[in-house]
Amino acid sequence: MSQSLTSYLFISAALFSIGLFGVLTRRNLVAMLISLELILNSVSISFMAFNRFVFADKSLGQVFVIFIIALAAAEVSIALSLILWLHRKKGSIDIEKAKDLRG
Amino acid sequence: MMITEIVFAALVIIILTGALLAVGLKNVFYNALALILCLFGVAALFIYLNSEFLAIMEVIVYIGAISIAIIFAIMLSRPMTQKTEPENRGKVIRSAVLSALFFGVLAKVIASTAWPIASEQGDYSIKGIGKMLLSTQALPFEVISLILLIAIIGALVLSSPEDNAS
Amino acid sequence: MTLLFLPEMMLSFLSVALLCLTLLKNQKSEKFLSNFMLLSGLLLMAGCLLSLNLTGSLFSNTYRVDLFSQGFKTITALAFLLTVLLAAEWNQIPKNRLVEFYLFLTTGALGMMMMASAVDVLSLFVAIELSAYSLYLLAALKVGSRNAESSVKYLIFGATTSGVALWGLSLVVGLTGSTSIAEILASPAALSGQPAFVIGLALFSLSLLFKLSGFPLQFWAPDVYESASTPAVSFIATASKAAAVTVLIRLFFISGMPAAFSMALGVLAFISMTLGNTAALLQTDVKRLLAYSSIAQAGYILVGLLSGSANGMSTAFFYAFAYVLMNSAAFLVLTLVAKSAGHDNPQISHFDGLAERSPFLALMLLLSLLSLAGIPPLIGFTGKWILFSSAMEKGHWFLVLWAVLNSVVSLFYYLTIVKHAYITKPKDTSPLEVPIRLRVAAIGLCAALVLMGIFPGYFISFAEHAVALGLIR
Amino acid sequence: MNDLNLLWIIQLAPLVAFLLIQLLPKNAKRTAPLIAMGAALLAALSSLALFYAHRDGNNMPQQYIYQWLKVSDKSLWPFVTIDHYVLNIGFLVDKLNLLMITVVTVIAFFVHLFSYYYMAEDKSRARYFGFLSFFAFSMTGLVLSTNLLQTFLFWELVGLTSYLLIGFWYEKQSASTAARKAFVINRLADLGFYLGIVVLFILTGTLNFTDLNHEFLRQMLPASTLTIIGILIFMGVMGKSAQFPFHVWLPDAMEGPTPVSALIHSATMVAAGVFLLARAFGLFSSSEITLLFILIIGTLTALVGASLATIQRDIKKILAYSTVSQLGLMVMAIGAGSAAAGMFHLTTHAFFKSLLFLTSGAFIHHFHSNDIWEIGQRGGKRDKVAVAALCLGLFSLCGIFPFAGFFSKDLILEVLREHNLFFYIAAILVSFLTVYYSFRMLFVILFSKEKKDMHAHETALAHPHHSSTGAIELCRVIPLASLAIISVVMGFLGTGWLDSRLLLWLGGEETHVNSELLITTLILIVSGALLAYIFFKNPETAETRLTQSRGPIKTILERKFFIDDVYEFLTKKVGMGIAGAFAWFDRKIAKELMVNGTAYRILDLGKISSKIQDGLLQDYLSWAVGVGILVAFWLVKSNSGIF
Amino acid sequence: MTFPILSSILLCPVIGLILVLFMPPKQENAIRVISLLSAAASLVLSLWLCFHFNSSNPAFQFVEHVEWVKSYGINYAMGVDGLNISMILLTAIVIFCGVLVSWTVTYRVKDFFANLLFLVAGVFGVFMTTNLFFFFLFYEIAVIPMYLLIVVWGSTDKEYAAMKLTLYLLLGSALMFAGFLYMYSLPGGHTFDLVALKQNVLFTPEQQNILFLGLFLGFGVLAACFPFHVWSPAGHVAAPTAASMLHAGVLMKLGAYGILRVAVFLLPEGARHWADLIAVLALCNIVYGAFVATQQKDLKYIIGYSSVSHMGIVLLGIATMTPTGFNGAIFQMFSHGIMTALFFACVGPIYDQCHTRMLGDLGGLAKKAPIISTFFIIAGLCGLGLPGMGSFVAELLVTIAAVSAYPLIGVISIIALLITAYYVLSAVQKVFYGPLSPAGEHLHDIGAFQFVPRAVLVGCLLFFGIFPGIFIEWISVYTKTLLGG
């Protein structure tokens with residue numbers, strides 16, 4: 001596996017797909033959240049890869065990743081509080097049970 | 001030279017297995033642990049992409065903060081030994097097909113695009129990051145602080161019991 | 001110089017003030033809060049109008065201020081003002097969380113205003129995330145289990161879409177090496193149609209559909225509209241849609257809309273129109289009905305956008321503004337009916353005999369719904385007329401015909417509500433009084449709906465002028 | 001007073017009367033009859049003055065034309081090179097019109113007079129007299145018209161007034177049905193007339209009577225089209241003059257008041273058809289086949305009318321069928337080629353038939369029954385004036401020597417004999433039947449014994465108003481007397497003694513007494529009278545015999561040759577059948593399929609889209625990702641073609 | 001700047017509407033007087049317009065032109081020529097009589113007259129404007145008040161009929177919308193001005209055909225052309241008297257007017273291409289409408305289907321594509337408008353007092369209400385084409401044109417005259433003649449005040465029946481320039 005831009009991008013794409021698969025299948029909300037983290041990490045990898053191979057100003061990619069990490073943090077905090085709120089309300093965090101709003 | 005190649009391959013394997021375990025295993029706690037493993041892999045990758053600062057940031061913020069928060073959530077949400085939920089076959093196949101398709105399209109696109117490869121030399125130092133953060137990307141820097149503030153207040157509001165609701 | 005950033009500054013000061021309020025021990029009275037917010041809303045509106053004709057760029061030109069962005073900021077300020085007015089009147093938010101509600105409202109508005117001016121990919125994305133998170137929290141701020149479920153779904157759906165958008169963005173930025181939208185779209189990779197660039201741009205604009213609630217990312221709208229508190233829904237329905245249109249106009253106008261792209265958008269518009277209108281036929285909950293109608297309206301706007309011409313963009317701008325007016329008027333009536341009905345999800349039957357209970361509100365309901373359906377002489381019709389004429393110029397005659405047929409179908413469910421308002425006898429015949437503040441706002445809105453429909457000349461030329469200026473070379 | 005003023009007076013006097021009567025306030029309704037009678041008198045006098053002014057036939061024909069409608073369209077006339085044509089309305093003064101207008105106005109005046117007596121105690125008298133004057137107005141318009149379109153205009157108005165007058169007593173269900181039947185059948189026939197006018201207008205570009213001479217038409221159009229146009233326009237005549245297939249409405253039209261039948265359904269309106277035949281004779285004579293067709297239809301009508309009249313009990317029905325047969329005779333005369341004979345018989349028939357109707361009116365009014373047997377039993381023979389008028393009318397109807405009928409009928413027989421033997425024999429048979437039924441009527445009324453009980457109750461009722469006022473009594477006697485005198489004198493005008501001014505007037509040649517014809521008519525009359533005498537010497541036994549006997553002929557005659565049943569079948573089965581099918585189509589296909597169908601389809605579409613919204617987040621995400629992949633794939637494929 | 005007569009005719013009902021809106025609902029009589037004044041004002045102005053209309057000049061007269069939205073070629077353009085002079089007069093007459101007839105409306109008087117005036121303003125606008133945008137704008141303005149009039153003040157199954165009517169009209173307008181925009185988008189076009197489009201847009205033959213078909217179907221829905229006629233009888237039956245007067249009298253003419261003003265004016269070849277189809281459809285209209293009318297039990301349904309049949313004559317006139325045919329069609333539009341208005345004006349009081357319109361339970365009303373029955377009979381006679389009334393002249397011209405253009409269709413269309421006579425007279429006989437029915441017991445005749453509107457309508461019918469010359473002159477100047485005949 002030579003360290004070329006495309007290999008990094010392949011890794012990031014793979015990670016992205018696994019994350020996507022996780023979001024689509026796991027019934028547990030927290031597991032979905034974990035898959036979301038995977039997606040965001042895959043994006044960080046791709047940005048860092050571009051940073052090393054493509055960008056002229058080498059700090060651009062890093063700034064992007066910093067912001068991604070910050071956003072991820074914010075998102076997790078809100079998501080977790082919502083999930084726990086739902087847990088308190090509905091007693092379960094299974095997404096398939098949460099289908100009152102239909103039609 | 002060979003060592004870097006081998007280590008790189010190992011890292012890739014760690015990341016992918018971590019990710020697969022994070023998604024595949026039934027028990028959510030194990031998922032969280034697998035996530036942490038994967039994140040360590042990613043952090044190591046960042047070092048490969050010669051950005052030590054970010055590797056450290058990744059470890060501290062992602063593993064240190066986010067994953068631990070997730071584990072707290074798992075602890076609070078229900079007893080560990082909750083039986084694993086039955087998985088319905090149709091959904092899994094459907095999502096597997098969709099993600100495989102997505103990966104296929106992305107891979108084809110990545111392979112067939114003419115990436116403008118530039119020199120790898122450049123200033124990867126924190127100084128560069130700091131200069132960019134405060135000069136060109138000043139606005140997002142301000143805004144991200146506001147987002148984090150909102151996230152905190154939101155979490156507070158949502159988790160405080162509403163017994164004193166009107 | 002500082003005036004350039006006036007609206008955002010005012011909002012930031014407002015959010016800081018609200019933060020201080022959250023820290024106070026003895027909770028301020030609801031009355032004080034609503035008056036304070038009303039005042040700040042009016043100030044914000046004044047600020048925006050003041051800075052309407054300023055142009056310039058800030059933050060090492062990642063942030064561009066021109067007539068186009070200021071125009072949309074005024075629209076957002078208007079939506080903000082109306083939401084505040086409605087919230088003062090009727091909201092299901094528990095008292096101890098009212099300040100946070102206003103805080104998230106303010107940050108949401110701030111995020112949307114920044115979306116209008118951000119011409120740098122990163123600042124655009126961060127602004128989108130700011131407004132998105134504020135809206136998730138706004139949707140969650142209400143007592144009740146249904147709203148918990150809907151806000152979780154809203155958040156996760158939004159987070160996944162922003163993840164996909166980010167991935168697209170990384171490809172685009174990676175390929176072109178710069179973060180300014182103008183450079184990206186003018187870069188060699190874009191012009192030569194590199195697959196990575198195409199897929200990157202596609203994923204990013206698809207994610208914008210999420211805020212616009214167009215197909216395939218419209219699933220959140222019915223649930224959130226139904227379960228969130230009415231003022232929050234009014235804000236989501238009007239302001240966030242207008243902001244989405246801004247970004248779409250910035251993006252499509254510059255990229256000049258290749259044929260394949262407009263074809264794809266056409267298909268999506270076709271489906272969202274049909275899906276929105278036909279599903280709305282079956283609804284009894286008015287908020288859910290308005291959700292489906294907003295999905296259909298997203299379809300109409302996409303029809304305008306996909307022409308990619310200056311005309312298309314200016315008509316989309318005009319229609320977005322008209323859409324905000326129409327929806328705010330509808331939500332104003334809805335709030336008052338919900339208040340008199342006593343619960344936050346008024347069914348169509350709650351509108352019975354509105355004409356007897358309050359003729360003024362019934363007239364306003366008639367005007368807003370008919371304008372949404374596109375009946376002259378109201379603004380909705382003029383908006384649709386010029387929107388579809390720009391699409392027709394590009395030869396999308398089938399789409400235009402389909403859109404018009406859809407607006408005929410949409411008239412069915414709008415007229416059913418009007419029929420209930422004018423024909424069926426109400427169960428409780430207590431007169432429905434409209435407080436002074438809302439009455440003034442209502443008169444203003446009605447006047448706008450009718451006058452802008454009959455004399456649209458000034459506003460259409462304003463839109464054209466704004467879009468021309470908005471084009472980032 | 002030059003011609004134009006007289007013409008305007010004749011035309012507008014009745015119209016002014018009609019309008020005045022309509023505008024009369026409630027209480028002044030009593031004066032309506034006087035207004036109407038005044039207008040009728042004025043019209044009659046001015047038409048006589050006009051007739052007198054032009055008695056020697058100089059400076060005729062004159063036309064006074066006013067533009068009504070301009071049709072300017074080059075593409076309309078394929079064969080003719082004119083680019084516009086002015087449809088106009090006006091007055092045409094020539095021998096035929098003058099004769100007809102005098103006949104119409106004089107009879108109209110006498111009928112007005114008689115109606116004053118007849119309708120004395122009817123409370124909606126004003127409406128009656130209003131319609132009567134409106135009829136006079138439209139009849140004059142028809143008679144004086146200069147072109148076919150103007151004729152058609154007033155043709156329809158005349159049809160309207162006959163509808164209004166037949167259905168005058170609208171409370172009676174039978175009256176309103178008869179009125180509707182009359183109008184619809186007239187309408188059916190007028191379709192042909194309307195189509196004929198339109199086709200003629202398109203092919204020749206002109207409708208004026210002065211242009212319609214057969215040389216002009218023959219060299220303009222081929223013979224076949226001329227026949228078609230002729231037959232089409234003749235359809236109009238068949239409708240108005242109750243010719244064979246369209247004669248069913250005339251007997252039912254007797255539901256109306258008797259003066260109406262006297263004026264409209266015997267003298268003027270039904271004669272309008274024959275008048276049109278004479279007026280547009282140039283058009284009809286331009287093709288032999290049309291004339292032959294006219295002849296055949298005339299014969300059929302005459303035969304049917306005469307045969308049906310023989311078994312009627314109602315006095316007015318007998319006269320109605322006799323009118324039908326006499327009209328048939330006139331049409332045969334014109335069909336045989338001599339318009340003069342037809343017109344001469346028309347004039348004489350107009351007078352004595354209106355006389356007969358008025359007498360029957362007197363009888364009905366006096367004895368309150370239409371049935372000749374009852375009239376006889378109630379002492380019909382005691383009303384001297386009426387019986388005298390009846391005999392006089394019947395004798396001229398049968399064509400007995402000194403009376404008018406003799407001269408005109410013989411002229412027709414003469415013309416037919418020269419033209420074609422078969423039709424001559426048919427005419428003979430018709431006149432024989434005419435004699436038979438007229439004497440039958442006479443004998444039944446004269447010879448039936450008065451029944452005591454019937455009689456007593458009658459006199460108590462009949463007498464009080466009888467001697468009430470002299471004026472009403474006068475109005476009864478004057479019309480009868482004067483019509484009787486005219487119908488006698490009119491006959492002589494056509495004969496050699498007064499140098500047959502009338503025939504010359506009509507363009508016919510000198511009449512010469514044809515001895516052979518005289519004998520045949522004499523034999524005919526005597527045998528007819530004898531046969532009637534044998535049968536109806538003693539009316540009571542005749543009546544019983546009539547009711548019991550059941551022969552095939554009797555049933556055919558009773559069922560009026562099943563023509564009514566054919567009409568019944570056509571309207572009910574065919575007409576309503578088609579209408580029912582269309583109505584079903586309208587309900588089923590148009591309503592269900594088109595309207596509700598599409599609505600339900602849209603609702604199904606709605607169900608599908610709301611089914612997609614099934615509440616599961618992961619379904620939503622799969623939709624989003626799936627469509628996302630599709631769009632991305634398609635975009636990349638079309639933009640950079642790597643796939 | 002000459003006195004903007006057209007805009008002032010349009011403004012009369014609008015001012016009336018605004019005044020009515022500001023009146024307190026209690027003041028019912030004041031509201032009625034205001035609406036009457038505005039209707040009378042527009043009538044007087046239209047009469048003034050007719051007197052000052054110079055019949056020899058074929059171009060648009062009293063032209064008003066105000067720049068509205070420059071970039072889209074939308075401008076407030078008004079003009080009068082041979083075609084719409086009669087239509088404006090018709091609308092003015094019908095609304096004047098409509099307001100007078102609805103003097104007896106007592107339920108929510110303010111909203112009723114507001115809707116009525118709004119409807120008329122829309123109709124006036126359509127007839128006057130020469131800009132496609134305003135044509136569409138005014139056309140759709142007329143639709144919603146009609147819906148409200150039927151839904152609130154209607155009679156039998158009013159909600160279904162009202163919704164069906166509105167959706168059908170809007171379906172038609174959707175086709176028009178697409179057609180207008182398509183014409184706007186053609187090269188050289190880029191304007192909604194009718195005359196400008198005619199001059200500088202070159203329609204290729206197949207564009208002409210498709211576009212004409214689309215526009216014809218759009219307008220045909222409103223003109224109750226055969227397959228789309230279903231909505232109109234139901235709409236008539238459910239609407240209150242004044243609304244159905246306006247609806248049948250004027251709204252149906254919008255469709256035929258649209259065909260003439262937009263479709264034939266801009267796309268003559270398209271018109272000629274589809275002329276045969278239109279002729280066949282028109283024939284169906286005439287014969288089908290007449291036959292179905294014979295089967296109807298409800299008086300208003302009979303009138304509804306008779307309108308369908310008479311509109312067929314208008315369509316047949318248009319299908320012949322000859323000046324005479326057009327003259328006949330336009331004149332028929334005018335005279336049929338007056339006739340149906342009179343019909344509904346007579347049925348109104350009967351329904352209000354007897355509460356039934358079924359032929360079965362009505363009978364012998366002539367005795368109790370002679371005036372209404374005379375008016376009804378006059379309207380019926382005009383319907384069956386009695387000479388001396390407007391419809392006869394129209395039918396004559398159309399038949400002449402039809403027989404010379406499509407001989408077979410012309411001949412068959414004449415049969416409808418017979419069937420019309422049959423169903424009109426049987427309706428008259430069942431309702432007015434014969435013995436008095438229980439339903440007609442307490443029916444009393446209309447007073448002097450209510451006599452006026454119906455007398456005006458009868459006067460118009462007779463006047464234009466006896467002296468059609470003037471109108472035909474005006475119309476033929478227009479048709480001659482349009483078809484170059």
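## Chains A and B

In this predicted model, 71 residues of chain B are in contact with 64 residues of chain A. On the chain B side, the elements that give two or more residues are α1 (2–24), α2 (28–48), α3 (52–77), α4 (89–112), α5 (126–134) and α6 (138–159). Helix α3(B) provides the largest share of that side, with 13 residues. By residue class, the side of chain B that touches chain A divides into 55 nonpolar, 11 polar and 5 charged residues.

There are 8 pairs of chains that touch, and the most contacts among them are between chains A and B.

## Domains of chain B

Chain B is divided into two parts: domain 1 covers residues 1–78, and domain 2 covers residues 124–159. The C-alpha centres of domain 1 and domain 2 of chain B are 23 Å apart.

## Chains C and D

The contact between chains C and D takes 28 residues from chain C and 24 residues from chain D. Three helices of chain C each supply at least two residues of the side that touches chain D: α6 (145–176), α9 (195–212) and α12 (259–280). The largest share of this side comes from α12(C), which gives 7 residues. The side of chain C that touches chain D is made up of 22 nonpolar residues, 5 polar residues and 1 charged residue.

## Pairs involving chain E

Chain E does not touch chain A, and the nearest C-alpha atoms of these two chains are 25 Å apart. Chain E also has no contact with chain B; here the closest C-alpha atoms lie 38 Å apart.

D:L308 belongs to helix α13 of chain D, which spans residues 288–309. D:L308 counts as buried because 26 other C-beta atoms lie within 10 Å, where the cut-off for a buried residue is 20 or more.

With neighbours within four places in sequence left aside, D:L308 is in contact with D:Y321, D:L557 and D:K560.

Technical notes:
Residues numbered from 1 in each chain as written. Chains lettered and ligands numbered in written order. Predicted model: local features only at pLDDT ≥ 70, side-chain atom pairs only at ≥ 80, totals over all residues. Contact = placed C-beta atoms within 7 Å. Helix = DSSP H or I, 4+ residues; strand = E, 2+ residues; numbered from the N terminus. Nonpolar A, V, L, I, M, F, W, Y, C, P; charged D, E, K, R; others polar. Domains from an automatic or database assignment. Buried ≥ 20, exposed ≤ 12 C-beta atoms within 10 Å, placed from the backbone.
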